[in-house]
Amino acid sequence: MHTAAEVAQLALRPEAPIQTSEFRQSRPKIVGPDCPESPFPILLQGPVQRGFGRGGKELGCPTANLPDESISAISTVVKTGVYYGYAQVLPPKDGKTELCNDDVRVLPMVMSLGWNPFYKNEILTAEIHILHEFRSDFYNYDMKALVLGYIRPELDYTSREALIQDIEVDKRVALNSLSRPHYDKYKEDPHFDLSCTVSPPS
């Protein structure tokens, strides 16, 4: 198995397999062992970057991108694909934010690590979708993430609709998988700022 970082060094990346209806119908509702196993958990942290702007507009799945230097902790140990875990957005040090306290909690997330073959990206990215409706954008805010398991490989699609269907399945699989006791407890992991609160906007 090539890690994502190793694939990034190849002169020619292998093509991602095309999603099929058979694969979608056979997808499990829960993935991974009952307790996270090596190399998980993987800890990530960095300021949220602007991505391609497609997630929210085209796919109904807004994502927060981590900078290149923040993703080596995962890209050097796992292959490309979709992963699940928890994430937390941290408000600015000056406390000026439109976010509310619900927005800065530790929340479930799904993460895509790879090149998004459907869009033919040229740069390896780690795009995190936090399963929560935020009050406002949080570009440049620090984000902490804890990756706990693997959902599926990176795939290509014949249509945007097929990609959206898989993303919705990814979200359900993540929530189901995180509901197990040995995963749920990571919401309290010291990697996160469990005392984080914000003042209401004036």
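**Salt bridges and overall fold**

I counted eight salt bridges in this structure, which I note is a predicted model.

I first looked up the pair Asp170 and Arg27, whose side chains meet in a salt bridge with an N to O distance of 2.6 Å. This pair links distant parts of the chain, since Asp170 sits in helix H5 (residues 160–178) and Arg27 in the loop between helix H2 (21–25) and strand E1 (42–47), 143 residues apart. I found Asp170 and Arg27 both buried.

I then turned to Arg152 and Asp166, whose side chains form a salt bridge at 4.0 Å, N to O. Here Arg152 belongs to strand E6 (residues 142–152) and Asp166 to helix H5, and the two are 14 residues apart. Arg152 counts as buried because its relative accessible area is 6%, under the 20% limit, and Asp166 is buried at 0%. I noted that salt bridges with shared partners join Arg27, Arg152, Asp166 and Asp170 into one network.

For another pair I checked Arg105 and Asp102, whose closest N and O atoms are 3.4 Å apart in a salt bridge. Arg105 is partly exposed at 39% relative accessibility, and Asp102 is partly exposed at 44%.

Turning to the whole protein, I listed six helices and six strands, in the order α-α-β-α-β-α-β-β-β-β-α-α from the N terminus. The radius of gyration is 17 Å, close to the 17 Å that the globule rule gives for 202 residues, so the protein is as compact as a globular protein of that length. Of the 202 residues, 48% are buried. I also recorded 21 positive and 27 negative side chains, with the centres of the two sets 3 Å apart.

Terms used
Residues numbered from 1 in each chain as written. Predicted model: local features only at pLDDT ≥ 70, side-chain atom pairs only at ≥ 80, totals over all residues. Heavy atoms only, no water. Helix = DSSP H or I, 4+ residues; strand = E, 2+ residues; numbered from the N terminus. Rg over C-alpha atoms; globule rule 2.2 N^0.38 Å. Buried < 20%, exposed > 50% of the residue type's maximum accessible area, 1.4 Å probe, protein only. Lys, Arg positive; Asp, Glu negative; His and termini not counted. Charge placed at Lys NZ, Arg CZ, Asp CG, Glu CD.
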